[in-house]
Amino acid sequence: MPGRVTAVVCAAFDPAADAAILAVREIVRAAGAHLPAKPPHRPHFSLGAARVAGDDLAQVLDVAATVAAEHGPVPISLVEVGRFGRAGVVWLGPAPSSQLSLLQRDVDAALRAAGWPRAFGERSDPAQWVAHCTLATRVPKPLLRHVQSEIERSYRTITATVDALATILVGGSGDVARVPLRHG
C-alpha cells in the first residue's frame with residue numbers, strides 16, 4: 001500500500017449493539033441530516049490513531065492484536081446523546097467505564113511506543129479523550145440541536161459489549177482488520 005494512511009484502532013461492539021446504534025442513526029436521518037445510506041465504518045469508539053506509511057500498516061495491525069490479547073470484553077452502556085458543535089457531530093457516549101478507559105490508554109500507549117505520534121493530536125491523550133460513537137458529522141449548526149433533541153426524545157440506553165478492536169482507515173470503508181478481545 002503506497003503513500004501514507006491514517007490507521008485508527010477502534011473499539012468495536014457486539015452485533016446487537018451495532019444494529020441498535022444504526023437504528024438511532026435513522027432518527028438522525030429523519031430529523032433532516034444528510035447521511036449516506038450506509039456509513040463507511042461500523043459503529044465504534046476511536047481509541048487511537050497513527051499516520052503511517054502504507055507499508056507500515058501491518059505493524060499497526062500487530063499493535064492492535066497485541067493490545068486485544070491483553071484485554072477482555074468491556075461491558076458498556078451508551079447513556080448520553082452529545083454533540084461537538086464546531087464539527088457538527090452528534091454522537092452517543094458511554095457511562096464512565098474504567099475498563100474502557102484502560103483499553104484506550106493501552107492502545108494510545110502502544111501506538112506511541114511503536115514510534116507513531118498521535119494522528120488526532122491531544123484528543124487521543126487519555127487525559128483528554130472523550131469516548132463517543134459518532135452518528136453523523138458535518139450536521140449544519142442550525143440543525144444540530146434539533147437532531148440531538150429528536151434523538152433524546154425517544155432514546156433508550158443501549159447496553160453493549162466492546163468485544164473486539166477494529167482497525168479502519170480514514171477515508172476508507174470497512175475494517176482493515178478486526179481482532180476479538182481476549183476471552184476468559
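Guide: Rings of Phe, Tyr and Trp (its six-membered ring) form a pair if their centres lie within 6.5 Å; planes under 30 degrees apart count as stacked, over 60 as edge-to-face and the rest as tilted. By this rule, the count is two aromatic pairs. The model is predicted, so local features need pLDDT of at least 70 and side-chain atom pairs count only at pLDDT 80 or more, while totals for chains, interfaces and linings use all residues. Residues are numbered from 1 along each chain as its sequence is written, and side-chain values use heavy atoms, with hydrogens and water left out.

Visitor: Why is the pair of Phe 13 and Phe 45 called edge-to-face?

Guide: The ring centres of Phe 13 and Phe 45 are 5.0 Å apart and the planes stand at 90°, so the pair is edge-to-face. The pair links distant parts of the chain, with Phe 13 in strand S1 and Phe 45 in strand S2 (residues 44-53), 32 residues apart.

Visitor: What makes Phe 13 count as buried or exposed?

Guide: Buried means under 20% relative accessible area, exposed over 50%, and partly exposed in between (1.4 Å probe, protein chains only). Phe 13 has a relative accessible area of 1%, so Phe 13 is buried. Phe 45, at 0%, also counts as buried.

Visitor: Why is the pair of Phe 84 and Trp 91 called tilted?

Guide: Phe 84 and Trp 91 lie 5.2 Å centre to centre, with 35° between the planes, and this pair is tilted. Phe 84 is partly exposed, with a relative accessible area of 29%, whereas Trp 91 is buried at 5%.

Notes
Helices (H or I, at least four residues) and strands (E, at least two) are DSSP runs, numbered from the N terminus.
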